[in-house]
Amino acid sequence: MSAGAIARDLLVKLLDAGNKHAAGASARAPALTATHLKPYSELRSLQHKQECDETFMAARDAGAVTLQRDKLNPNDGLFERVDLVDVQTLARFLGRTSYADQLAQTVAQLEPLKADFPVILEMIGRWTGMVKVRGLGPQDAGAWIDAAKTIRACVARSQDTIAAPVREFSARLFQDSKRIEALTTQLDVLLSGSVEESPRATAQVWQELGLFREEHPVLLAGHVHIARDRSTGVIDAPYMGLPAAAIQGVASKVTDVITIENKTTFHSEAKRRQDCQVLLIYTAGMPSPAWRVMYGRVLRSLPLATPVHHWGDVDEGGFRIASTIAAAAQAAGFALQPYGMSPDDVPLEMRVKASARTLERIQHFARAAGWSELGHALREAGFVAEQEALERE
């Protein structure tokens, strides 16, 4: 590294400290002390030290910093301290954008998205304090804009095109077949509507949008006859996988319909209930648009008195999924009920303390599902739990 590059690198570190101080993330006044300046002070060549000095003095002359030399040699000794005067001036001197300016630009660019994606307000709140969201700062507003464009384009599709290969859809939307794959984190945050929600697997995020690398069948279980495009027959034991579009409805008596969020729980229940007249349907996390259309067809083929339940994680994501399925059930004339998701169903040793924000979000989605009492009970209980940790008799 050249001497000039060493000086600039040190000034960049000072800029970073200034950004943190300006954002309130650090109370310490931004400065380079003797410890920070070791790469400069340990230079053996006088010429190299002079090159560093010239860079430091240029920053001083620009009004960005003040300099302190060695007290024993105040005229031409080594600089022992560099104090920041103005973070904006230093950023301009280095040919960079200050964090505050970058944040202001990003806030302006994301302004049109706030109405449809309120989580952007939470993101900005985090960024204002220099806290990253899923490892991302405010430097790439374009990625968030493209993620919002992807979600809107998926929502606007007709029912005939609600499932599509991700690269084909990306190529049509962005003229770049891999663009959507690069937006998975942004898509997950905007879809979940929360900066606190745990990251999901890539396929789970795409599934919510009806995008896939390879389409997966819907898993069903129970001693139930399913009407399909080309035939009608009983579900194989312990379960069967069918394309969502092929499932037309139920052609036998069903005592209950239970949707299940997690695969491990679905497999366990499928083995246990394979001879029962209970229809189990695996949602694979947040169900895809094609799954939700299929679910509506299944419910419309049943008597309105048929009980309809959902069993999922007792956390924010689980209740967001429940609210989505409840909306599909309501559209078919049914009221979805929770199964195994109340505080009483969760053993004390399986409970994980939740933040106030997470509990607020759980209550919000519980209300959206029509489960206001359950939402209130969980907020009072103050915990979350995964479905796989629970057992049902």
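**Helix packing and local backbone features**

Asp146 is located in helix 7; helices here are DSSP runs of H or I with at least four residues, strands are runs of E with at least two, and both are numbered from the N terminus. The model is predicted, so local features need pLDDT of at least 70 and side-chain atom pairs count only at pLDDT 80 or more, while totals for chains, interfaces and linings use all residues. Residues are numbered from 1 along each chain as its sequence is written, and side-chain values use heavy atoms, with hydrogens and water left out.

Asp146 touches Phe174, Arg179 and Leu183, leaving aside residues up to four places away in sequence. Contact means heavy atoms within 4.5 Å. Arg367 lies 221 residues from Asp146 along the chain, and their C-alpha atoms are separated by 31 Å.

Two packed helices are described by the angle between their axes and the distance between the axes. Axes are lines fitted to C-alpha atoms, for helices over the stretch in contact, and angles run from 0 to 180 degrees between N-to-C directions. Helix 7 (residues 141-155) and helix 9 (residues 184-192) have axes that come within 9 Å and cross at roughly 60°. Helix 7 is therefore oblique to helix 9. Angles under 35 degrees count as roughly parallel, over 145 as roughly antiparallel, 65 to 115 as roughly perpendicular and the rest as oblique. From helix 7, Ala143, Trp144, Ala147, Ala148, Thr150 and Ile151 meet Gln186, Leu187, Val189, Leu190 and Leu191 of helix 9. This contact of helix 7 with helix 9 holds nine nonpolar, two polar and no charged residues. Ala, Val, Leu, Ile, Met, Phe, Trp, Tyr, Cys and Pro count as nonpolar, Asp, Glu, Lys and Arg as charged, and the others, Gly among them, as polar.

Helix 12 and helix 13 (residues 316-331) pack at about 40°, with axes 9 Å apart. They are therefore oblique to each other. Helix 12 also passes helix 13 in a right-handed crossing. Trp291, Arg292, Tyr295, Leu299 and Arg300 of helix 12 make the contact with Thr324, Ile325, Ala328, Ala329 and Ala331 of helix 13. By class, seven residues of this contact are nonpolar, one is polar and two are charged.

Helix 14 (residues 356-369) and helix 15 (residues 372-381) pack at about 170°, and their axes are 7 Å apart. Helix 14 is therefore roughly antiparallel to helix 15. Helix 14 contributes Leu359, Glu360, Ile362, Gln363, Ala366 and Arg367, and helix 15 contributes Ser372, Gly375, His376, Leu378 and Arg379. The contact of helix 14 with helix 15 has four nonpolar, four polar and three charged residues.

Most residues other than glycine have a negative phi, and most peptide bonds are trans. Arg134, in the loop between helix 6 (119-128) and helix 7, has a positive phi near 55°. Arg134 is partly exposed, at 24% relative accessible area. Buried means under 20%, exposed over 50%, and partly exposed in between (1.4 Å probe, protein chains only). Ala284 has a positive phi near 60° and is buried at 15%. The Ala237 to Pro238 peptide bond is cis, with omega near 0°. Pro238 sits in the loop between strand 8 (232-234) and strand 9 (240-242).

Notes
Left-handed = near helix turned anticlockwise from the far one by under 90°.
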